[in-house]
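Here is a short briefing for a first look at this model. Start with the ligand, then turn to the sheet.

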Amino acid sequence: MYNFKLKTDKTSNNDIMKNILNIFRISLASFSMLMLFSCSQPKENISAKETQTNPAKIPHLEKQGTATRLIVEGKPFLLISGELHNSTCGGFEYLRPVWKQMATKNLNSVIATVSWELVEPEKGKFDFDLVDSIIAGARKEDLKLVLIWFASWKNAGSIYIPSWVKRDYKKYPRAKDEHGKSLEILSTFGNSSCESDAEAFAALMKHIKEIDSARQTVVMIQVENEMGLLDNTGKTPGNARRDFSDQANTDYNSLVPEELMNYLVLHKDDLFPELYKVWKTNGFKTKGSWEEIFGISEFKPDRKEWQFYSYYTEELFMAWNYARYAGKIAATGKKEYPLPMYVNAWLKQASTAWPGRYPSGGPLPQVLDIWRAAAPSIDFISPDIYIDEFTWACKEFTRSGNPLFIPETRGGAVGAARALYVFGEFNAGCFAPFGIDNEGFRANDPLDDTYALLQNMSSVILKNQGKGTMRGILVDTVSRSMELELGEYQIRAELAGERNLGIAGGLIIQAGSQEYIVAGKGLDVFFMPKDTSMRVAIDAVDEGIFKKGEWIPERRLNGDETHASTWDGTGLRLSDKKPSIQKISLYNYK
Ligand code: DGJ
């Protein structure tokens with residue numbers, strides 16, 4: 001703070017004048033930059049404020065069997081989606097043409113970003129013009145939106161916080177590594193940081209409610225992005241396994257919060273195996289410090305052992321603190337407008353194998369129990385899957401009923417195959433390749449056809465979610481075939497041999513006791529009766545589409561376009577040219 005007390009000597013008076021002038025200059029400069037940013041750019045007209053009519057109709061999550069479905073305007077909705085690049089929503093002119101491009105990609109929704117620095121450039125002064133522009137643009141193309149709140153953390157770093165937060169590092173303290181070095185990461189122990197973030201987020205949610213609760217363009221919110229403590233440039237292994245600021249050290253050596261202990265006791269038999277293991281090894285204590293309850297962590301730096309849980313106690317501790325912080329933000333926002341809210345994670349992987357090299361405390365399966373205990377306002381955790389161990393990641397993230405929602409992943413041919421697989425196999429609620437507005441995804445993107453097919457059959461997929469009547473297929477040049485069971489038949493899917501696809505995906509729905517709907521591309525799909533005393537053959541195969549959920553056959557397939565039983569088995573050929581939907585009726589005989 002400047003001290004404006006008048007002094008009598010001349011030099012001091014000059015200093016005071018200089019200070020006043022400087023303050024004036026800085027304020028003028030920031031004000032003009034802000035004005036330049038918002039006034040120089042033509043804004044979108046969003047419809048006049050709409051008041052929300054029926055709270056029951058707000059987008060929300062609902063269970064059907066084992067699946068969790070997003071309900072929008074009273075109907076289940078599958079997010080066939082893509083995430084925009086980080087800065088696409090950074091300016092009106094840049095963003096405007098993107099919506100037309102999105103409309104060509106057969107998406108029904110887009111994941112777009114809202115950043116704290118642009119929403120609240122000055123403390124307490126909000127600017128939602130860009131948010132309005134995002135919503136107006138999506139509406140024009142009939143797309144739903146998931147909005148990401150880029151605020152305290154993005155890929156661990158605090159790079160989207162407003163300048164007034166960045167510069168006031170005393171009020172908004174940074175996390176520290178084990179050598180006492182400050183990181184460019186807000187500490188979860190900064191109460192003012194959490195409060196300010198929550199206030200801004202609440203203002204955003206209030207605004208969205210005002211302009212959108214009647215139209216429901218915005219259907220879900222991602223709170224922060226890939227949070228956790230990280231220091232990829234740190235020289236000492238594990239230097240950022242946890243926050244080492246004074247408050248963090250005190251808390252780490254204090255009792256594990258009672259709230260968490262109560263949760264663990266209550267859910268003891270359903271805990272993540274590693275959590276159960278370390279708690280058990282340390283005697284299932286219910287009172288003690290983090291290391292007394294969960295033990296002193298081990299560390300294995302060898303890449304080959306990347307799946308080992310190094311520095312696990314530190315990771316649990318950070319998870320509790322990140323989840324408390326993000327949970328408060330989500331809860332504050334939900335008080336204004338309770339849309340479903342999730343958090344996403346940078347995955348543990350061979351190249352970033354231990355906490356601190358991937359964001360420590362981020363919402364990963366091994367700390368899901370901690371997130372659930374600390375942040376009930378967060379509806380689920382989500383993986384950003386760029387690694388090759390795609391299926392492993394899906395399985396990990398669907399443990400103990402966590403719904404699969406993939407907000408970031410690879411697109412192109414790989415993405416197209418995986419999209420079919422996850423909707424079929426995991427009751428996924430969302431699939432979204434990252435950088436969907438990328439140049440590379442403009443022409444001949446294999447995802448486009450697959451997305452058209454998924455949209456065509458989304459009501460059928462939704463109807464079968466969580467009922468055990470649907471499975472996914474994923475084969476590639478490493479695992480060329482897979483087997484699965486569905487109804488009365490054992491089913492084998494193979495990467496169509498003589499063709500060039502390196503990966504193929506599909507989904508199978510059981511439509512009757514001897515009837516299946518199969519969607520996909522580049523696949524051979526064979527049916528074998530579980531009752532081996534019977535033989536099986538094709539009654540009929542049709543290629544077709546769905547209209548309003550009804551199957552419309554378009555072409556009878558037979559001969560070379562099927563696998564005919566006396567020739568090469570019983571089943572379907574799905575072309576590698578274009579994804580298709582086929583319905584097969586089988587019969588058994590002796
Ligand atoms: C993961 C992040 O969550 C995204 O925002 C983006 O930075 C991608 N990585 C880039 O690959």
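**Ligand site and sheet**

An oxygen atom of the ligand lies 3.3 Å from a side-chain N or O atom of Asn155. That is a polar contact (a pair of N or O atoms within 3.5 Å). The model is predicted: local features need pLDDT of at least 70, side-chain atom pairs count only at pLDDT 80 or more, and totals for chains, interfaces and linings use all residues. Residues are numbered from 1 along each chain as its sequence is written, and side-chain values use heavy atoms, without hydrogens and water.

**Ligand contacts**
- In Lys154, a polar side-chain atom is 2.8 Å from an oxygen atom of the ligand.
- For Glu408, an N or O atom of the side chain is 2.6 Å from a ligand oxygen atom.
- The ligand alone exposes 300 Å², and the protein buries 75% of that (Shrake-Rupley method, 1.4 Å probe).

**Ligand surroundings**
- Residues around the ligand, with a heavy atom within 4 Å of it, include Asn86, Asn225, Glu226, Asp384, Tyr386 and Phe434.
- By class, this shell has 2 nonpolar, 3 polar and 4 charged residues.

**Sheet**
- Strand 16 (residues 489–495) pairs antiparallel with strand 19 (residues 523–529) over 7 bridges; pairing takes at least two DSSP bridges.
- Arg492 has Phe526 of strand 19 as its bridge partner.

Conventions: A polar contact is a pair of N or O atoms within 3.5 Å; within protein, one must be able to donate a hydrogen and the other to accept it, and residues adjacent in sequence count only if both atoms are side-chain atoms. Ala, Val, Leu, Ile, Met, Phe, Trp, Tyr, Cys and Pro count as nonpolar, Asp, Glu, Lys and Arg as charged, and the others, Gly among them, as polar. Helices (H or I, at least four residues) and strands (E, at least two) are DSSP runs, numbered from the N terminus.
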